[in-house]
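Student: I have a model open and would like to know what stands behind the labels. Could you go through some of them with me?

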Amino acid sequence: MIILQRRVNDKKFFKKIGAELPVLGLGTWGIGGGFWTPDNSQDDIWVDALRYGLELGATLIDTAEMYGGGHSEEIVGKAIKGFEREEIFIVSKVWHTHASRDDVIKAAQGSVKRLGTYMDLYLIHWPPENVKLCETMRGLEETVKRGYTRFIGVSNFSVELLEEARSCLSTNDVAAIENKFSLLDRRDENTVIPYAEREGMLYLAYTPLEKGQLAKDSFLASIGSKYGKTAVQVALNWLIMFNPVVPIPKAADKRHVEENVGAMGWRLSIEDWRLISEKYKRVIA
């Protein structure tokens, strides 16, 4: 069994989950392939990167059945071997064209098989296209009953759709939402994020670095110089300071993982957080 001696103990408590989670997770879009297309050319690099992130304390991993046609989930399954399962929080997602009750259950079975373990959180990836939302949400509830996942949630939803999804449920509630949020895309700042905070939900922020764009930002680098941190670490820390937000930057290799995890274990001053907020307040990617 691997002992996580190097891990950063930086966590947040989420009422809907009833537990603390790390303030930063490991994203896997592009790991194991692209849009439904598997790629096993860098499996060893990707597995090592995820394992390194776990060792450093980023013990939340986000994946989806669509990523590499499920190969991303297989890589996650390999990466977690040897770790205490209860110390890892695994998120996966069902694609929106698999949104009927039976298809949701079938998709969950497939994800569990590829991961080699249960999911902690299972999300509908986008609002369903071919069925009513309530049918999808009841399918998600069934995945909890069958032990495929502990919690359920949604992704790429507005507050209005989120409330509709919650109204469909009888035995569970929406525990989390995953949306795009970064310094360059702040559409959820005054809508979904306050809602998540008020309701005790986890908010997972995907594409938090805008595909590397923020890594080159000179203003963020200048702020970071005061803390001995990089522009990447400043951009992620700005997100972390929102109570319900856990950013999930891509964990493509060990170097990037180490830099990303360097956003944990410290906080920007309120003055610097406000300076950054003011600088980017009108920017939408």
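Student: Where does His125 lie, and why is His125 called buried?

Tutor: His125 sits in the loop between β6 and α4; helices (H or I, at least four residues) and strands (E, at least two) are DSSP runs, numbered from the N terminus. Buried means under 20% relative accessible area, exposed over 50%, and partly exposed in between (1.4 Å probe, protein chains only). His125 has 6% relative accessibility, so His125 counts as buried. Keep in mind that this is a predicted model, where local features need pLDDT of at least 70, side-chain atom pairs count only at pLDDT 80 or more, and totals for chains, interfaces and linings use all residues. Residues are numbered from 1 along each chain as its sequence is written, and side-chain values use heavy atoms, with hydrogens and water left out.

Student: Which residues is His125 in contact with, leaving aside its neighbours within four places in sequence?

Tutor: Contact means heavy atoms within 4.5 Å. Among the partners of His125 are Ala64, Tyr67, Trp95 and Asn156.

Student: Why is Trp36 called partly exposed?

Tutor: Trp36 has 31% relative accessibility, so it counts as partly exposed. Trp36 is in the loop between β3 (26-27) and α1 (43-56).

Student: How do you know what span to expect for α4?

Tutor: The expected span is 1.5 Å times one less than the number of residues. With 13 residues (133-145), α4 is expected to span 18 Å, and its 19 Å from first C-alpha to last is close to that.

Student: What comes just after α4?

Tutor: Gly147, with a positive phi of about 80°.
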